[in-house]
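Look at the sequence and the fold below. Then read on for a short tour of the ligand's surroundings and the cores.

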Amino acid sequence: MGWAIHIHLLAAISWIGGSIFMFVLGVSMRDKDAQKAVYPHVGPIFGYFEVVALMCLLGTGVYMANDFGMIKLVFSGYHSPVIDALRTKLWYVLVILVVTVIHFTIALRTNNKERTPLQHMISRGSSMLIFILNLFVLHYAMVIRSIL
Ligand code: HEM
């Protein structure tokens with residue numbers, strides 16, 4: 001096994017584990033004062049931690065896919081179980097990236113400030129969506145690895 005899959009897996013654990021933990025924190029910590037005390041401190045650290053994990057995932061993912069000669073095939077009309085699984089996984093990753101940018105933009109703009117109801121709804125909705133989409137990415141990641 002190469003170095004890239006080790007980093008990819010460590011980053012996947014950090015990225016998905018982090019999103020599950022923040023989801024649980026959001027659901028279980030309902031007290032407004034507790035949220036105001038915790039989020040401004042934890043939020044930025046968590047945000048940068050997650051950005052680093054996502055960058056590692058993208059970097060090592062592209063590296064491995066290229067190493068397996070899969071990148072060219074993904075962007076061609078070619079079909080096979082592993083290429084189709086990677087293609088589907090990449091669509092999910094693309095949506096995750098867009099939703100993450102939206103989520104982080106709101107988080108950066110509103111850290112230490114009161115959120116509007118719309119910002120609150122988009123922030124909650126996007127973190128829920130990232131959490132669910134990650135489960136799909138994980139499924140396709142396992143499909144790819146079981147074939148390779
Ligand atoms: C949110 C982003 C991502 C997550 C959470 C993720 C997660 C994972 C996980 C958990 C595995 C291991 C599966 C297993 O051992 O059963 C894996 C494998 C793999 N991933 Fe990703 N991945 C992401 C992004 C990417 C990207 C962007 C690419 C390619 C452009 C990619 C390409 C691959 C490849 C080729 C493997 C198989 C490596 C091998 O079997 O040696 N991944 N991914």
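Helix 5 gives the most residues to the shell around the ligand, seven. This is a predicted model: local features need pLDDT of at least 70, side-chain atom pairs count only at pLDDT 80 or more, and totals for chains, interfaces and linings use all residues. Residues are numbered from 1 along each chain as its sequence is written. Helices here are DSSP runs (H or I, at least four residues), numbered from the N terminus.

In total, 24 residues surround the ligand, with A12, G61, A141, M142 and R145 the closest. A residue counts as near if its C-beta atom, placed from the backbone, lies within 6 Å of the molecule.

| Helix | Residues |
|---|---|
| Helix 1 | 3–28 |
| Helix 2 | 32–67 |
| Helix 4 | 81–110 |
| Helix 5 | 117–147 |

Now take helix 1. Its buried residues are H8, A11, A12, W15 and S19. Buried means that 20 or more other C-beta atoms, placed from the backbone, lie within 10 Å of the residue's own. Helix 2 and helix 5 are among what covers them.

Which residues make up the largest nonpolar core? They are A65, M70, L86, V93, I96, I130, V137, A141 and I144, nine in all. Helix 5 supplies the largest share of this core, four residues. A nonpolar core is a set of buried Ala, Val, Leu, Ile, Met, Phe, Trp, Tyr and Cys residues joined through C-beta atoms within 7 Å. Another core, of five residues, lies apart from it and includes A11, A12, W15 and L57.

Technical notes
Helix = DSSP H or I, 4+ residues; strand = E, 2+ residues; numbered from the N terminus. Buried ≥ 20, exposed ≤ 12 C-beta atoms within 10 Å, placed from the backbone. Contact = placed C-beta atoms within 7 Å.
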